Amino acid sequence: MNAPLPVTDTAAPQRVRQLPGPADKPPAHITVRGLYKNFNGSVIYENFDLDIPRGKFVSVFGPNGCGKSTLINLISGLIPIDGGEILFDGKTLAETRIGYVFQNYREALFPWMTAFANIEYALKLRHVPKPEAQERVRKLVAHLGVQIDLTLFPYQMSGGQQQLVSIMRALVVEPEVLFLDEPFSALDYEMTLFMREQLQRIFEETGTTMVLVSHDLEEAVYLADYVLLLSRRPARIAEYQMVPVARPRNDATLASPDFVELKRHCLEIFQREVRGS
Amino acid sequence: MTRPSDRYLPFIGVLALVFFWYLGWAMRVVDPVLLPPPHAAAIALWKGLNGGKLYADFGFTIWRTIASILIACVIAIPLGIVLGASERLYRSVEFIIDFFRSTPASAMFPLFLVIFGVGDRTKIYVAAFGAGLVILFNVAYGVMNARKTRILAAQIMGASRWRVMMDVVLMESMPQTFVGLRNGISLALVIVVVAEMFLGSVNGIGHRVFEAQQMFDMPDMYAAIFAAGALGYGLNFLFLIFEKSFVHWSGK
Ligand SMILES: Nc1ncnc2c1ncn2[C@@H]1O[C@H](COP(=O)(O)OP(=O)(O)O)[C@@H](O)[C@H]1O
Ligand SMILES: [Mg+2]
């Protein structure tokens, strides 16, 4: 083990946590301050602070129902916040281009449009003229090296292909941040592994800040620069674990001692949080 | 297992019907005046549609049905969208819609007669009333049940409320709208034919069936019944094809 694991400070969990890591304290892209959210009186977030670093991949992991989806939905504005402040480089959400990939691709893509038109639609909403929009879709497809027949309708494609189209639709506007809520959990295992690789490649190609919610710890650690471990409700940051493992990662990474140790460490914190204290 | 010959299966029922019809006729199960042989009905149908009265009546019924559907669409589709867009608005009128949707349209004949007289308008308006409620109900439900995720997906891409409505919600409601249109057309045809029988009509398939029966011209009556059946089946069939190509994503 080369990088020392940071010590978790459970005594002051609400303090703004510095991102741990060797020499870096990467510049924050998204800052969440004093976030408050409740659903029908049950508090999900209270006085919650978080920094999401620029150009990094953050995986959010935690007990079921602790508020992982809620967190990215609050940040991306899908549900309103009840208090606090969320800024992107000091800008508000309205001034920021974001992308969001839903778990349920079947219900997120528009089945009346071809895959190509689905992707193009994101640009149409941004008032990009049609010829330019089509050119940009083609460029993105070429850039990502995607091998899908985009003249098909979503329902004519496999689940993985549909989710890839969803990801491209989110990426085509060149978002500053891409949010993904369990994007692969509706896919079979083989497709999940394939899609992880695709996403990793897309992340490396674009350098977009990405926030992924995952219920699979291995996936969370494998893809992440930082794993955000949340506690049970009301959610606190149990740990904000850096993953100092070189990219591109591959099957060998999964077996490397560093990776295994990081995963074990995260699992330990997770189990402690699930049991509660 | 489907065999190539399986596509001829539907004809078996038709042949069986003709066979038993002949059998019933030959064995005089019913008075031959009431049950003429199939070929007599077929000849009457052929003659009626080739320059006979039935041909003109066929046209009148089609025109009334289409006119009533168009009126129903013009009123019910926009209204359904508005009602569906606000669930609370829909809930407040839901009972009225369900009530009149469940009321047999024929019960409305006298009322419409009093208001619009015995002309074409009455028949068309009653049919439009019945079909309109069916269409309204389906459009409103289609709009209301638009998939939440799709709306959120459009919103997060920066779509305004208006754009979400036009690009997503309306398209989402299409499959249900088409179900409503198809049911509406069937219902409109039923109402038009019944109205042609009893609302002092001088033409239309309903009138033809009724008149043939009054004059004891049984082959003519059967011919008119088959013409009505063919019309209903044909309208539904054509609409299904249109629906399949237009809302190709439905049910997938
Ligand atoms: N729209 C909502 N209304 C009421 N309660 C909600 C809503 N969305 C989520 N919740 C509740 O908030 C909690 C956190 O939900 P969520 O963020 O989806 O959890 P997860 O961490 O599994 O993604 C859950 O207990 C859930 O039941
Ligand atoms: Mg979730």
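By how many helical turns are A:Glu268 and A:Arg264 separated in helix α9 of chain A? The two residues, four apart in that helix, are separated by about one helical turn. They also form a salt bridge (a side-chain nitrogen of Lys or Arg within 4 Å of a carboxyl oxygen of Asp or Glu), with the closest N and O atoms 2.5 Å apart. The structure is a predicted model, in which local features need pLDDT of at least 70 and side-chain atom pairs count only at pLDDT 80 or more, whereas totals for chains, interfaces and linings use all residues. Residues are numbered from 1 along each chain as its sequence is written, chains are lettered from A and ligands numbered from 1 in the order in which they are written, and side-chain values use heavy atoms, with hydrogens and water left out.

Chain A contains nine helices and nine strands; these elements are DSSP runs numbered from the N terminus, helices being H or I with at least four residues and strands E with at least two. Its radius of gyration, taken over C-alpha atoms, is 19 Å, which agrees with the value near 19 Å for a compact globule of 277 residues; the globule rule is 2.2 Å times the number of residues to the power 0.38. Along the principal axes, the C-alpha atoms of chain A fill a box of roughly 55 × 45 × 35 Å. Of the 277 residues in chain A, 53% are buried. Here buried denotes under 20% relative accessible area, exposed over 50%, and partly exposed the range in between, with a 1.4 Å probe and protein chains only. Among contacts (heavy atoms within 4.5 Å) in chain A with a separation of 6 or more, 72% involve residues 24 or more positions apart. Chain A exposes about 12000 Å², of which carbon and sulfur atoms supply 52%; accessible areas come from the Shrake-Rupley method with a 1.4 Å probe, and for residues only the protein chains shown count as cover.

Over all chains, 27 salt bridges are found. Side chains of opposite charge can pair when their charged atoms come close. One such pair is A:Asp51 with A:Arg33, whose closest N and O atoms are 2.8 Å apart. This pair links distant parts of the chain, with A:Asp51 in strand β2 (residues 42-53) and A:Arg33 in strand β1 (residues 28-39) of chain A, 18 residues apart. A:Asp51 is buried at 17% relative accessible area, whereas A:Arg33 is partly exposed at 28%. A further salt bridge joins A:Lys263 and A:Glu218, with a closest N and O distance of 3.1 Å. A:Lys263 lies in helix α9 (residues 257-275) of chain A and A:Glu218 in helix α7 (residues 217-223) of chain A, so the pair ties together parts that are 45 residues apart in sequence.

The backbone was examined next. Most residues other than glycine have a negative phi, and most peptide bonds are trans. The bond from A:Arg233 to A:Pro234 is cis, with omega near -15°, and A:Pro234 is placed in the loop between β8 (226-230) and β9 (237-242) of chain A. The bond from A:Arg247 to A:Pro248 is also cis, with omega near -5°; A:Pro248 is in the loop between β9 and α8 (251-255) of chain A. A:His127 has a positive phi, near 60°, and is located in the loop between α3 (115-125) and α4 (130-144) of chain A. In chain B, the phi of B:Arg28 is positive, near 55°, and this residue is found in the loop between α1 and α2 (38-49).

No disulfide (a pair of cysteine sulfur atoms within 2.5 Å) is present, the count over all chains being zero. The sulfur of A:Cys266 is 14 Å from the closest cysteine sulfur, in A:Cys66, which is too far for a bond. A:Cys266 is buried, with a relative accessible area of 1%.

On chain B, a nonpolar surface patch of about 890 Å² is made by residues including B:Phe19, B:Phe20, B:Leu23 and B:Phe216. Patches comprise residues with over 30% relative accessible area and no salt bridge, like charges being joined within 9 Å and nonpolar side chains (Val, Leu, Ile, Met, Phe, Trp, Tyr) within 5 Å. B:Phe19 lies in helix α1 (residues 9-26) of chain B and is partly exposed at 48% relative accessibility.
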